[in-house]
Amino acid sequence: HLIHEPPAAAVAFGVHAGSRGRRAVVYDLGGGTFDVSVVQFMPDGIDVLATAGDHHLGGKNWDEVIMRLVAEEFERRHGVDPRDDTIALADLRERAEQAKRALSRTEVTSLTLVCGGVADRIEVSRDQFEANAAPLLGRTELLLGQVLADIRAMGTAIDATLLVGGSTRMPACRRVLQSVTGLEPLSGV
């Protein structure tokens, strides 16, 4: 049998943590999709109690926020939009993903971009990035709230929260999951 990523991650957690009988929220933000599930570890396996997702929301959307910020600043400075140049756009996309990763570890990063014969280094701060990405994070929070409402309607409590997927390394993901659930998220699954 094949199982979806959030339950698979929960199984991995359950196997490592010996968490039989416990219930966990699995917050899974990958490159192209977002899923949130509540799973319960049972002696004979795992039950998915509630799930929601957005298959048009993933880490690439956060990359696009950085791309927009950098492109707009480059255009403001030089009158050229790098998104209109195929080569510059490909370079910007790659550098934006690298910047997203860097901003998970540091407060400020910079991207060097070449377009229209002009090279420039543009700085992006974590605060600036998070402020512009807030609507995306809000979409995950809305789905998380729906799943938790379903669980509360069943009279069920949550014992743990798990962060799964490379994009959950962004500090804002940890903060929203902890804020909504009141539990310190586990990561590294």
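Modeller: A nonpolar core is a set of buried Ala, Val, Leu, Ile, Met, Phe, Trp, Tyr and Cys residues joined through side-chain atoms within 4.5 Å. Buried means under 20% relative accessible area, exposed over 50%, partly exposed in between (1.4 Å probe, protein chains only). This model is predicted: local features need pLDDT of at least 70, side-chain atom pairs need 80 or more, and totals for chains, interfaces and linings use all residues. Numbering starts from 1 along each chain as its sequence is written, and side-chain values use heavy atoms, without hydrogens and water.

Biologist: Which residues of the largest nonpolar core touch the most other members?

Modeller: This core holds 43 residues. Helix α4 gives the most to the core, with nine residues. The residues touching the most other members are Val-25, Tyr-27, Val-36, Trp-62, Ile-66, Val-70 and Phe-129.

Biologist: What does Ile-66 touch, not counting residues up to four places away in sequence?

Modeller: Ile-66 is among the core residues that touch the most other members. Contact here means heavy atoms within 4.5 Å. The partners of Ile-66 are Ala-96, Ala-99, Lys-100, Leu-103, Leu-111 and Phe-129.

Biologist: How many residues are in the second core?

Modeller: The second core is separate. Among its members are Val-26, Ala-160, Leu-162 and Val-164. Its residue count is seven.

Biologist: Why are α2 and α4 called roughly antiparallel, and at what angle do they pack?

Modeller: Helix α2 spans residues 59–78 and helix α4 spans residues 126–153. Their axes, lines fitted to C-alpha atoms, lie 10 Å apart. Angles over 145 degrees count as roughly antiparallel. The two helices are therefore roughly antiparallel, packing at an angle of about 150°.

Biologist: Which residues of α2 make that contact?

Modeller: On the α4 side, the contact includes Gln-128, Phe-129, Leu-136 and Thr-140. On the α2 side, the contact is made by Asn-61, Trp-62, Val-65, Ile-66, Arg-68 and Leu-69.

Biologist: Is Lys-60 buried or partly exposed?

Modeller: Lys-60 is found in helix α2. Beyond its neighbours within four places in sequence, Lys-60 is in contact with Gly-31 and Gly-32. Its C-alpha atom is separated by 8.9 Å from that of Thr-33, 27 residues apart along the chain. With a relative accessible area of 38%, Lys-60 is partly exposed.

Biologist: Which residue takes a positive phi just after α5?

Modeller: Helix α5 covers residues 171–181, and its buried residues include Cys-173, Val-176 and Leu-177. Among the elements covering them are β1, α3, α4 and β6. Just after α5, a positive phi of about 80° is taken by Gly-182.

Definitions and conventions:
Axes fitted to C-alpha atoms, helices over the stretch in contact; angles between N-to-C directions. Helix = DSSP H or I, 4+ residues; strand = E, 2+ residues; numbered from the N terminus. Parallel < 35°, antiparallel > 145°, perpendicular 65-115°, else oblique.
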